[in-house]
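Please look over the sequence and the model below before reading on. The text then goes through the structure part by part.

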Amino acid sequence: MAAPVKLRVILGENDSQRLILQDGIPETIGELVQHIKRQCGVEDHFRLQFMDAEFGNEFTNLTSVLEIQDKSTLKLVFDSAPAASALPGGSPPPPCSTPATSWSGDDSSLSFSSLCDTDILSSPESTPSRSSGWPVVFVVPRFPYDCQLQLDKANAAFKESGTLLDPDVRLKTAILDSLAEEIVRYKVYPSDSEFEEVAEALVSSHPCLKEPGSATGYGGWKVSLKYKLANYRRKLKRLGCPEVELNSLTNKPADKCSPAYGVKKPRRAEVNYCPTYPSGESAETLEKIRETLLLEVKKRNNQGTVAAMMEKTFAHRRQEVIRDAPLIADFKTKWPALFCVRELTAEFKRITTVSLLPKFFSQLDALSSKLMKVFSKKGGGQGRKIKSIMIPITQTDAIDVRRECIIKALCVYLNEEPENLVKEYMNTDGESSEAAMMKTTFGIFVIRKEDAEPKDGPEDVGIILEGVQVLDELGNVPLAVGMLFALVYALNLSYPPELRYTFEALQKLIMELDGNRLSKKIQTLKTLLAR
C-alpha cells in the first residue's frame with residue numbers, strides 16, 4: 001500500500017486546507033477531484049492547477065497526477081463565478097465606446113481591446129442557461145447518502161480483497177439517475193464517446209462497480225446510461241424542455257414522422273443550443289420586448305439598453321432560429337440589433353460560453369508561425385499559390401494583413417478556394433460588383449482602391465448571406481472571418497460544402513470547439529502543427 005500523502009489545497013483568497021490521501025496519490029485526476037470534494041466539502045465544479053517549480057512556482061493547469069507529489073500545492077479554479085457580483089443587482093453593462101452599428105479598422109489593436117470588454121454579464125436568475133460546456137474530466141457526483149455509504153463500504157472491500165459489488169436494482173437506479181442529472185447539466189444529447197467518458201469515470205471513482213464480463217469494465221454501464229438518458233429526455237419533453245420538445249413527432253412533417261428524422265441537436269459544441277425562457281417570461285412577453293427593441297435600436301448612445309434587451313430575449317430568438325429556420329432577410333428585419341460586431345460576439349458567447357474575438361485572434365496568432373512552416377512544405381500548384389498569397393506579409397508588418405494571408409493560405413492548403421470565402425472588388429467596378437454581391441449566398445466582400453498597396457486598408461469589408469448584406473464597415477478581413485463564424489452559430493447555419501474543411505479548422509483548431517472529433521484532413525494538419 002502506498003504511503004499517505006499530504007497536499008495543500010487553495011480554495012480561494014485567504015482560504016486553504018490540508019488534504020490527506022491515506023492511499024497515496026490517486027491514479028487519475030477524476031479520483032483526486034473526488035477526494036477534494038469529499039474532504040473539503042466543495043460542491044461546485046472546478047479545474048485544478050498545481051504550483052509549477054519549473055516556472056517560478058506559478059500555477060499551471062494540472063493535466064496529469066504525475067505532476068504532483070507529497071506536500072504539493074493545488075489551486076481550485078471554479079468553472080464559473082456569479083456574474084451578478086460583477087454588476088451589482090444584475091444591471092446591464094455600461095455602453096461600449098465602440099459604436100454598435102459600425103467597426104473602425106484604423107487601429108485594429110485598440111478596437112480589438114474595446115471589444116474584449118463587451119461580453120454581456122447576466123444574473124443566473126434571469127437567464128437559465130448553461131455556464132460551461134462538456135468538462136475535460138467528467139466528475140462523478142455524490143449519490144444519495146445511503147447509496148454513497150453502500151458504495152464507500154464496497155470500495156473498501158474491493159481494495160482489501162478485490163471483491164466486486166453486484167448492485168441491486170435500487171442502487172443501480174439511484175446511480176443512473178444521479179449520472180443522468182449530471183449529464184444534462186452539460187447537454188441533453190451526449191455523443192457515444194461522452195457516454196463512454198461517464199461510464200469510465202464511474203468505475204474509476206468506484207472500482208467496486210467494474211463489470212467482470214466486460215472488456216473495458218464499464219460496457220454495461222455505458223449501455224444503461226444510454227437507455228436512462230432516453231427515458232430522461234421523455235421526462236423533460238413532458239415538462240416542456242424546448243431542446244427536447246422541438247424533436248417531438250408533432251413537430252415533424254406528417255410524411256416523415258420518425259423519431260430519427262431530422263433530429264435537431266448541438267453539432268458544433270453549442271452549450272446553449274435551445275434554452276428555456278427566463279423565469280417568469282413567456283413567448284408573448286418576450287415578443288413585446290422584441291417589438292420595443294426595434295425602437296430602442298434606433299436611438300443614439302443606447303448600447304447598454306439594447307444589450308440588456310438582447311440578453312433577455314436570447315431564448316426567444318434562439319428558439320425561433322432553431323424551430324423555424326427563417327430567411328436571413330426576414331430575420332434581419334425582426335432582429336436588426338443582432339447584426340453588429342458587439343451583439344454578435346455577445347450572442348456567440350451566450351451560445352458557446354467562449355469569448356469569440358480574444359480566442360480567435362490569440363489562437364490564430366499563436367499558430368501562425370507553425371502554420372507558415374507547414375505551408376512552406378507544400379509543393380506543386382498549391383505550394384505556388386500559397387507563396388503568392390503570402391507575398392504581402394513580406395511587404396508590410398500589419399497584423400491584419402498577416403492574419404488575412406494565413407487564413408487564405410489555410411483554404412488553399414485544405415484544397416479549397418479562398419475566393420469562395422473572400423470575394424474582392426475594385427471601387428471602380430460600380431454596378432457590376434453590386435450585381436455579383438447580390439448573387440452571393442455565403443461570403444465576405446472586400447472593396448479596394450485600384451492599385452492599392454498591401455499596407456493600404458480596404459475601403460469596405462462586409463458579409464453577405466443569401467444575397468443580403470448583413471454587415472459592413474468591418475475594416476479588415478480577419479475580423480470579417482470571425483464575424484462570419486459567429487453568424488454561423490447565431491443563425492444555426494451549415495458550413496458551405498466548398499469551405500467545409502476551412503471552417504472545421506477554424507472551429508476545432510483555432511477556437512478549440514469540439515476539438516476531439518476531427519476529419520482525417522484536419523487531424524493530419526493538427527498532427528503537423530504539434531510537431
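On one side of helix H8, Glu284, Lys288 and Leu295 are exposed, where exposed means over 50% relative accessible area, buried under 20%, and partly exposed in between, with a 1.4 Å probe and protein chains only. Helices (H or I, at least four residues) and strands (E, at least two) are DSSP runs, numbered from the N terminus. On the other side of H8 from these exposed residues, Leu286, Ile289, Arg290, Leu293 and Glu296 are buried. They cover an arc of only 115° around the axis, which puts them on the same side of H8; the arc is that of the directions from the helix axis to the C-beta atoms. An α-helix has 3.6 residues a turn, so residues three or four places apart point the same way. The cover over the buried residues of H8 includes helix H9 (303-312), helix H10 (314-324) and helix H11 (328-334).

With 14 residues (283-296) at 1.5 Å a residue, H8 should span 20 Å, and its end C-alpha atoms are 20 Å apart, which agrees. The expected span is 1.5 Å times one less than the number of residues.

This is a predicted model, in which local features need pLDDT of at least 70 and side-chain atom pairs count only at pLDDT 80 or more, while totals for chains, interfaces and linings use all residues. Residues are numbered from 1 along each chain as its sequence is written, and side-chain values use heavy atoms, with hydrogens and water left out.

**The whole protein**

The protein has 19 helices and nine strands. Of its 531 residues, 48% count as buried. Contact means heavy atoms within 4.5 Å; among contacts with a separation of 6 or more, 61% are between residues 24 or more positions apart.

**The five-stranded sheet**

An open sheet is formed by five strands in the order E2-E1-E5-E3-E4, with mixed pairing. Two strands pair if DSSP finds at least two bridges between them. Strand E2 (15-21) and strand E4 (58-61) are the edge strands, each pairing on one side only. From one strand to the next, the twist averages 35°. Helix H1 (residues 29-40) packs on the sheet and touches E1, E2, strand E3 (46-52) and E5; the direction of H1 makes about 120° with that of E2. Axes are lines fitted to C-alpha atoms, for helices over the stretch in contact, and angles run from 0 to 180 degrees between N-to-C directions.

Three bridges link strand E1 (residues 5-12) and strand E5 (residues 73-78) in the parallel sense. Val9 stands opposite Leu74 in E5, and Arg8 has Thr73 as its bridge partner there. E3 and E5 run antiparallel and are joined by five bridges. Leu48 has Leu76 in E5 as its bridge partner.

**The nonpolar cores**

A nonpolar core is a set of buried Ala, Val, Leu, Ile, Met, Phe, Trp, Tyr and Cys residues joined through side-chain atoms within 4.5 Å. The largest has 84 residues, of which Leu421, Ile444, Ile463, Leu465, Met483, Phe485 and Phe503 touch the most other members. Helix H17 (residues 477-490) supplies the largest share of this core, twelve residues. Apart from it lies another core, of 34 residues, among them Trp134, Leu179, Ile183 and Leu202.
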